[in-house]
Amino acid sequence: MPKDFLRKSWWVNFAIIFCFLLLLPVISPSFRVPLYGKYLSFAFVALGIVLSWGYCGILSLGQGIFFGIGAYSLAMFLKLEASSPELPDFMVWSSVEQLPLAWEPFHSLAFTLICILVLPVLLAFPFTYMIFKKRVSGVYFSILTLALSLTLTVLIIGSQGGTGGANGITDFSTLQGWDVASDEARIRMYFLMLGLLAVCAVIVQYLVSSRYGKVLIAIRDREDRVRFSGYDTAWIKAATLSVSCVLASIGGAMFVLFTGLITPQLVGAVASVEMIVYAAFGGRTSVLGAVFAAFAVGWLKSALSEEFPQGWLFFLGGLFLLVTAVLPQGLAGLTGLFERKPANESDAK
Amino acid sequence: MSLEIFWMQLFSGVSYTAILLLMSLGLAIVFGLMGVINMAHGELMALGAYVTFMVANVFLKIFPDSIDIYILFAIPAAFLVTFFFGMFLEWAVVRWFYNRPLDTLLATWGLSLILQQTYRTVFGPQEVTIPLASWLDGAIEPFTGVQLPLNRIFIIVLTLLVAIGVYLLFFKTRMGLQVRAITQNRAISETVGINTRKVDMYTFALGSGLAGIAGSVFTMIGSTNPGTGQLYIVDTFIVVVFGGVASIMGTALSSFIIAQLQTTFEFMTTSSYAKVLLMLIVVIILYFRPNGLFSPKVRS
């Protein structure tokens with residue numbers, strides 16, 4: 001076990017945050033619980049961004065694509081279950097007569113789960129490996145991924161009959177016969193998700209404090225030297241990004257479970273950039289900061305949109321400026337409470 | 001394909017080229033020459049469009065007789081307003097982020113959100129449109145069956161003028177020489193006495209001003225709303241990256257290629273599939289030429 005991973009302060013903070021999240025459904029009205037679930041679904045995405053951007057220096061603005069893969073996979077499964085044996089309603093509206101071939105396998109839950117967990121890797125790894133092999137990096141990679149997430153939105157909106165177009169997919173009822181829309185089910189799912197999130201956070205923390213994490217930091221700071229030392233940096237970067245994409249995909253699936261809808265706007269270019277702010281606000285190298293910030297930003301978004309609908313974009317824009325200009329280590333840097341170790345101290349050595 | 005369709009296709013490609021080029025020239029200068037990722041470039045275009053809208057309204061209220069020539073005043077006004085606003089942005093935000101490209105990207109994205117919301121608060125969320133001047137309404141018909149709209153021709157001519165102006169500025173003036181020197185080697189330029197702070201500020205302001213012109217011209221072909229800028233920013237970046245950063249010629253050629261491909265694909269399929277196809281081609285070409293089509297051969 002790596003020494004950093006066993007550090008007591010991290011585990012204390014971990015316990016504080018997750019106890020707080022665990023107690024939330026108990027102390028707040030039950031209609032709030034799906035909202036908390038929604039905020040925390042972005043925590044999965046933020047964990048991935050901490051890994052790929054905070055530690056490895058790859059700013060992917062295409063996380064929305066993978067969020068979308070998870071979300072649409074699960075949405076397709078739920079939609080088929082909700083509407084079977086008929087066709088999903090939006091297909092009828094766009095006069096599609098027969099279930100598209102791509103939808104057929106989504107009758108099976110196993111296939112859907114494989115899609116959520118494996119498809120991101122199958123797409124992300126070969127593509128990014130090729131790109132990184134060509135040494136496209138930094139902002140070029142960011143712009144390329146931003147363009148791809150924009151393309152995906154255009155594609156989804158353009159194929160109305162197969163994807164529900166701009167309205168997205170909504171109106172689910174049951175998952176394997178289990179009513180997922182009821183309050184009781186959502187509270188149960190909240191605890192399940194919290195468990196999964198805790199496991200993911202521990203895994204990411206393990207990864208970044210292991211030797212592999214040290215290589216990531218080295219790649220972020222001086223990629224050429226790592227390459228000269230004999231590492232295949234393209235392979236490492238592609239693998240890291242793939243892990244990050246799987247986390248985004250899990251987040252997408254969770255999002256669908258708690259909100260009961262998915263639309264192209266939620267997976268597009270704008271949404272993808274917004275996901276970055278969760279990680280940036282928490283502190284780009286802080287695993288627990290990401291979890292906390294995803295929750296805090298989501299909560300602020302709801303609170304601000306209720307109180308002053310005008311204020312949200314000002315706030316979000318200001319947040320982007322804040323975390324880049326004065327708080328590059330985010331909340332974690334501000335409080336020193338969460339994890340902050342590797343970033344600055346390794347620079348100083 | 002009949003000859004008429006061919007000519008119309010070619011013309012719509014060329015006119016789209018002009019629009020893309022006008023949009024991306026400013027970005028090519030800011031991103032290509034200064035290395036600054038300005039995600040708020042689209043909002044600067046929207047600012048130019050709103051300035052045009054206000055100038056048109058002033059004409060409607062005060063000089064209703066000469067409303068036809070408002071565009072001749074609106075374009076310089078849009079340029080000046082965005083020029084000085086760009087100068088302000090450089091001073092207030094961008095200069096703190098030189099050499100941190102990823103942070104620049106996120107900070108200017110934040111800026112773009114703030115600007116969008118400001119437009120929404122000031123001008124309202126709905127679209128604003130400006131009536132087209134009567135002398136730009138209509139089309140010429142060089143052959144029977146081929147109609148070339150006048151406003152598109154105006155845009156093509158204006159883009160040509162702007163592109164030539166930018167070329168002259170960068171290759172025939174002292175300031176252009178200084179900008180190119182800084183692009184090649186910032187440290188040495190400073191050593192030989194170029195005031196890089198000042199040049200940076202003017203270069204960024206010029207890029208912003210060009211965005212303002214693009215926004216102003218946009219009002220002739222479409223309506224403006226607070227989110228307009230965000231629609232175009234990614235396309236604009238793709239044009240610049242595809243053409244090869246730091247090469248203005250490259251931006252021009254890449255606008256032409258992307259515009260022709262886009263209009264051709266649109267003719268053959270739907271506009272959304274056209275976009276997807278185009279993006280695939282761009283990604284494939286960028287895979288083989290990671291530095292863009294026309295990258296200068298320099299050591300980095």
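## Helix packing and the A–B contact

H1(A) crosses H8(A) in a right-handed way, meaning that the near helix is turned clockwise from the far one by less than a right angle. This is a predicted model, where local features need pLDDT of at least 70, side-chain atom pairs count only at pLDDT 80 or more, and totals for chains, interfaces and linings use all residues. Residues are numbered from 1 along each chain as its sequence is written, with chains lettered from A and ligands numbered from 1 in the order in which they are written.

**H1 against H8 in chain A**

- H1 (residues 8–27) and H8 (residues 183–209) of chain A pack at about 165°, axes 10 Å apart; helices here are DSSP runs of H or I with at least four residues, numbered from the N terminus.
- That angle makes the pair roughly antiparallel, the label for anything over 145 degrees on a scale from 0 to 180 between N-to-C directions.
- On the H1(A) side, the contact uses Trp10(A), Phe18(A), Leu21(A), Leu22(A) and Pro25(A), and H8(A) brings Ile187(A), Tyr190(A), Leu194(A), Ala198(A) and Gln205(A); contact means C-beta atoms, placed from the backbone, within 7 Å.
- By class, that's nine nonpolar residues, one polar and no charged.

**Where chain B meets chain A**

- Chain B puts 31 residues in contact with 36 of chain A.
- H4 (101–123), H9 (228–243) and H11 (271–288) of chain B each give two or more residues to this side, and H4(B) gives the most, with 14.
- Chain B's side splits into 22 nonpolar, seven polar and two charged residues.
- H6 (residues 138–158) of chain A packs on H4(B) at about 40°, with axes 8 Å apart, so H6(A) is oblique to H4(B).
- Gly138(A), Val139(A) and Ser142(A) meet Pro101(B), Leu102(B) and Leu105(B) there.

- Val94(B) sits in the loop between H3 (70–92) and H4 of chain B, yet counts as buried because it has 23 C-beta neighbours inside 10 Å; the cut-off is 20 or more.
- Leaving out residues up to four places away, Val94(B) touches Val36(B), Leu89(B), Thr104(B) and Phe204(B).

Terms used:
Angles under 35 degrees count as roughly parallel, over 145 as roughly antiparallel, 65 to 115 as roughly perpendicular and the rest as oblique. Two residues are in contact if their C-beta atoms, placed from the backbone, lie within 7 Å. Ala, Val, Leu, Ile, Met, Phe, Trp, Tyr, Cys and Pro count as nonpolar, Asp, Glu, Lys and Arg as charged, and the others, Gly among them, as polar. A residue is buried if 20 or more other C-beta atoms lie within 10 Å of its own, exposed if 12 or fewer, and partly exposed in between; C-beta atoms are placed from the backbone.
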